[in-house]
Amino acid sequence: MEYKECKICKGEIKLINKKFNLAQCYNCKLIFCLKIYSQDQFIAVYDKLYNKENAIYRKHAVVEYTMLLENKEIKVGYHRSRLLKKHVLNEKCKSVLEIGSGIGLIGSYIRKKNEKIKYLGIEIDKEAYQKSQFLKLNTINADFTAIETIEQSFDVIMLWEVLEHLQDLKLFLELAYKKLNKNGKLILSTPNYNKIYNYPKRDADAIFQDQPPVHLNFFTKENISSIFEINHFVECKATVKIFPYLDIKSKKFYIDFFKSLCNRYNGSTIYLEATKV
């Protein structure tokens, strides 16, 4: 099965990447994978990525989990910490929902900063969910559609490197809007599709991020704001990480850093803030 029209606005689409079967909408400019995958396929993919021996992201998850178990300082990154301070740790936020809560890094960070905030996490990967339970976090082992079964609403809904994984993006936007309180905030991070332009000699179908079925949606600073505005959100503010990740041993890091100073570098990550009226 494949999409025949835009999954967000039902607009006309064009194929822009044959290798990974990616299309772009003429109207909202969303770039997405045309193939429709099953839930079982997603579960198998994430299990392979995070839990199998020599899994690509296993080491990363182990390091974070060890940090939490040993009660060390929780590091969530500069940009995420700024968004959390602005929208969650601001003495106004009373409740927060995290989609793709993983082992509980962000949930633990919030609890450590302000244990009075009511936190709920939803995580599709069973092993990651079990680790979050060991850390005594309030989490659910399910995909984002579990939002429909939750009675409470939230001051903030957040996703960190998750939006690109959601096949039914339209349904998520509808459910998230419904579950936010009035003037509630949605905050997130997602890879920047336009970082392909940092590689002028790239192959025609190169995307420089995980291919389907890992990543299914691809965003730019322009299209992500449009997509949320179409779905009733207001005050949609998208910003792009300015500088490359620090790598003092890489010659390319210094080249990219200089380009960023000249506003000629496409940062790797987009951060979005959006509001429900």
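Leaving aside residues up to four places away in sequence, S95 touches I117, K118, Q152, S153, F154, D155, V156 and N181. The model in which these contacts are found is a predicted one.

**The residue S95**

- S95 belongs to strand β4, a strand that covers residues 95–99.
- Is S95 buried or exposed? With a relative accessible area of 7%, S95 is buried, because buried means under 20% relative accessible area.

**Elements and contacts of the chain**

- Eight helices and 11 strands are found in the chain, and β4, the strand with S95, is one of those strands.
- Among the contacts in the chain with a separation of 6 or more, 68% are accounted for by residues 24 or more positions apart.

**Dimensions of the chain**

- For 277 residues, a compact globule would have a radius of gyration near 19 Å, and the chain agrees with this because its own value is 19 Å.

**Surface and charge**

- Of the 277 residues of the chain, 51% count as buried, and S95 is one of the buried residues.
- The chain exposes about 15100 Å², and carbon and sulfur atoms supply 51% of this area.
- There are 45 positive and 32 negative side chains in the chain, and the centres of these two sets lie 5 Å apart.

Technical notes
Residues are numbered from 1 along each chain as its sequence is written. This is a predicted model: local features need pLDDT of at least 70, side-chain atom pairs count only at pLDDT 80 or more; totals for chains, interfaces and linings use all residues. Side-chain values use heavy atoms; hydrogens and water are left out. Helices (H or I, at least four residues) and strands (E, at least two) are DSSP runs, numbered from the N terminus. Buried means under 20% relative accessible area, exposed over 50%, partly exposed in between (1.4 Å probe, protein chains only). Contact means heavy atoms within 4.5 Å. The radius of gyration is taken over C-alpha atoms; the globule rule is 2.2 Å times the number of residues to the power 0.38. Accessible areas come from the Shrake-Rupley method with a 1.4 Å probe; for residues, only the protein chains shown count as cover. Lys and Arg count as positive and Asp and Glu as negative; His and the chain ends are not counted. The place of a charge is taken as NZ of Lys, CZ of Arg, CG of Asp or CD of Glu.
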